[in-house]
Amino acid sequence: MAPGAGRNIRMIGKHYIGHTVCKEWLNNREAFYEWVRANYYTIPGVQIDLDHNIINIHNTVYAPDKCIFVPHDVNCFFEFVEPGTQIRQLNDGTYRVDIT
C-alpha cells in the first residue's frame, strides 16, 4: 500500500504556504487513492515523494495532472532549481531537464 493511504494529508512548512489541493482530491478522497494506486511505484531502499512542482515549477496545486511521484533525492534536487529551468516530458514518458 502506498504511504499515506487511509490517513489525512498534511502540508507543513514554509514551502507549502499558499499551496492547495484540487477540489477533486479534496472532496473525494477515494479519487486521490485511485490516482496513487495507479501512479505510485517503489524502488528498494528509496523513499518516494509526491511532488507538485517538478513538471511546472510555478505550480501551487496538488492535482492529478500536476503531480508525479519521484525518488526523494530527485525531489530535493529540484528544491534548488531556479525558475527558467526547462523541464519537459518526452514522448517515451521520461523527463528532460535543461539547466542553463
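Of the 100 residues in the protein chain, 28% count as buried. The model is predicted. The chain holds three helices and six strands. Read from the N terminus, the order of elements is β-α-α-β-β-β-α-β-β. Accessible surface comes to about 7300 Å², and carbon and sulfur atoms account for 52% of that. Among contacts with a separation of 6 or more, 45% join residues 24 or more positions apart.

**Nonpolar cores**

- The largest nonpolar core has 12 residues.
- A second core is separate and has five residues, including Ile54, Ile68, Phe78 and Ile87.
- In soluble globular proteins, nonpolar side chains tend to be buried together.

**Helix H2 and its cover**

- Helix H2 spans residues 29-39. Its buried residues are Ala31, Phe32, Tyr33, Trp35 and Val36.
- An α-helix has 3.6 residues a turn, so residues three or four places apart point the same way.
- The cover over the buried residues of H2 includes helix H1 (23-27), strand E2 and strand E4 (68-71).

**Salt bridges**

- A search of the whole structure finds two salt bridges. Side chains of opposite charge can pair when their charged atoms come close.
- Glu30 pairs with Arg37, with the closest N and O atoms 2.5 Å apart. Glu30 is partly exposed, because its relative accessibility is 38%. Arg37 is exposed, because its relative accessibility is 54%.
- Lys66 and Asp65 form a salt bridge through their side chains, at 3.7 Å from N to O. Lys66 counts as partly exposed at 30% relative accessibility. Asp65 counts as exposed at 57%.

**Asp49 in strand E2**

- Asp49 sits in strand E2, which covers residues 48-51.
- Asp49 has a relative accessible area of 11%, so it counts as buried; the cut-off for buried is under 20%.
- The side chains of Asp49 and His72 make a polar contact of 2.6 Å.
- Beyond its neighbours within four places in sequence, Asp49 is in contact with Ile68, Phe69, Val70, His72 and Asn75.

**Asn59 in the E2-E3 loop**

- Asn59 lies in the loop between E2 and E3. Its relative accessibility is 9%, so Asn59 counts as buried.
- The Asn59 side chain reaches two backbone oxygens: that of His52 at 2.6 Å and that of Val61 at 2.7 Å.
- Leaving out residues up to four places away in sequence, Asn59 touches His19, His52, Asn53 and Lys66.
- Asn59 and Thr20 are 39 residues apart in sequence, and their C-alpha atoms are 9.9 Å apart in space.

**Pro64 in the E3-E4 loop**

- Pro64 is placed in the loop between strand E3 (61-62) and E4.
- Pro64 is partly exposed, with a relative accessible area of 26%.
- Not counting residues up to four places away in sequence, Pro64 touches Cys22, Glu24, Trp25 and Trp35.
- Along the chain, Pro64 and Val21 are 43 residues apart. Their C-alpha atoms are separated by 9.9 Å.

**Nonpolar surface patch**

- Tyr41, Ile43 and Val46 make a nonpolar surface patch of about 210 Å².
- Tyr41 is found in the loop between helix H2 and strand E2.
- Tyr41 is partly exposed, with a relative accessible area of 31%. Residues in a patch need over 30%.

Conventions:
Residues are numbered from 1 along each chain as its sequence is written. This is a predicted model: local features need pLDDT of at least 70, side-chain atom pairs count only at pLDDT 80 or more; totals for chains, interfaces and linings use all residues. Side-chain values use heavy atoms; hydrogens and water are left out. Patches are made of residues with over 30% relative accessible area and no salt bridge: like charges are joined within 9 Å, nonpolar side chains (Val, Leu, Ile, Met, Phe, Trp, Tyr) within 5 Å. Accessible areas come from the Shrake-Rupley method with a 1.4 Å probe; for residues, only the protein chains shown count as cover. A salt bridge is a side-chain nitrogen of Lys or Arg within 4 Å of a carboxyl oxygen of Asp or Glu. Helices (H or I, at least four residues) and strands (E, at least two) are DSSP runs, numbered from the N terminus. Buried means under 20% relative accessible area, exposed over 50%, partly exposed in between (1.4 Å probe, protein chains only). A nonpolar core is a set of buried Ala, Val, Leu, Ile, Met, Phe, Trp, Tyr and Cys residues joined through side-chain atoms within 4.5 Å. Contact means heavy atoms within 4.5 Å. A polar contact is a pair of N or O atoms within 3.5 Å; within protein, one must be able to donate a hydrogen and the other to accept it, and residues adjacent in sequence count only if both atoms are side-chain atoms.
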